Amino acid sequence: MLRALDLPEDVTAARAGERIAERSALEVEDTVHRAGGLAVALRTPREWAAHGQAAEVAARPLVERERPAPPQRACRPRSTLRRPGCCPPPGCASWI
């Protein structure tokens, strides 16, 4: 955020506050975001409804859940001797 607002790393909180106060909240949000950071401007319900992300959020469920893939099983080799270049059979994550 400091770099995006062209402030040195050792800037005081007072000076950083002054620099932020010189800009609108939306300008700070955009400037910091373009620099790869995160800053969020508070919006009224009307401002949020007009924002492009509002439609994206409204189109998705409030909560999403995905089931993780089942863990792969470890298999025992048929022989106690492991041969060079021998791999676990398909479906086995590794030899035990």
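The model is predicted, so local features need pLDDT of at least 70 and side-chain atom pairs count only at pLDDT 80 or more, while totals for chains, interfaces and linings use all residues. Residues are numbered from 1 along each chain as its sequence is written, and side-chain values use heavy atoms, with hydrogens and water left out.

**Confidence**

- The chain has an average pLDDT of 83 (pLDDT is the predictor's confidence in each residue, from 0 to 100), and 74% of the residues reach at least 70.
- Helices (H or I, at least four residues) and strands (E, at least two) are DSSP runs, numbered from the N terminus.

- D6 sits in the segment before α1 (13-21), and its phi is near 60°, a positive value in a residue other than glycine.
- D6 counts as exposed because its relative accessibility is 62% (exposed is over 50% relative accessible area, buried under 20% and partly exposed in between, with a 1.4 Å probe and protein chains only).
- R19 belongs to helix α1 and, at 16% relative accessibility, counts as buried.
- Leaving aside residues up to four places away in sequence, R19 touches L5, D6 and L7 (contact means heavy atoms within 4.5 Å).

**Salt bridges**

- Side chains of opposite charge can pair when their charged atoms come close.
- The count of salt bridges comes to six, each being a side-chain nitrogen of Lys or Arg within 4 Å of a carboxyl oxygen of Asp or Glu.
- R15 pairs with E18, and their closest N and O atoms are 3.3 Å apart.
- Because R15 and E18 are three residues apart in helix α1, about one helical turn separates them.
- Both partners are partly exposed: R15 has 29% relative accessibility, and E18 has a relative accessible area of 44%.
- E22 meets R19 in another of these bridges, at 3.7 Å from N to O; here E22 is exposed at 54%, whereas R19 is buried at 16%.
- These residues join up, with R15, E18, R19 and E22 linked in a network of salt bridges.
- A further pair is E64 and R60, whose side chains meet at 2.7 Å, N to O.
- Of that pair, E64 is exposed at 52% relative accessibility and R60 is partly exposed, with a relative accessible area of 49%.

**Helix α2**

- Within helix α2 (residues 25-34), V28, E29, T31 and V32 are buried.
- Helix α1 is included in what covers the buried residues of α2.
- Just after α2 comes G36, with a positive phi of about 95°.

**The second largest pocket**

- The second largest pocket has a volume of about 170 Å³.
- On a 1 Å grid over the protein atoms alone, a pocket is an open set of points where a 1.4 Å probe fits, with protein on both sides within 12 Å along at least five of seven lines.
- Grid points are joined across faces, edges and corners, and the volume is the space filled by probe spheres set on the points.
- Its lining includes E29, H33, R43, W48 and H51, where a lining residue has an atom within 4 Å of a point.
- The lining residues divide into four nonpolar, four polar and two charged (Ala, Val, Leu, Ile, Met, Phe, Trp, Tyr, Cys and Pro count as nonpolar, Asp, Glu, Lys and Arg as charged, and the others, Gly among them, as polar).
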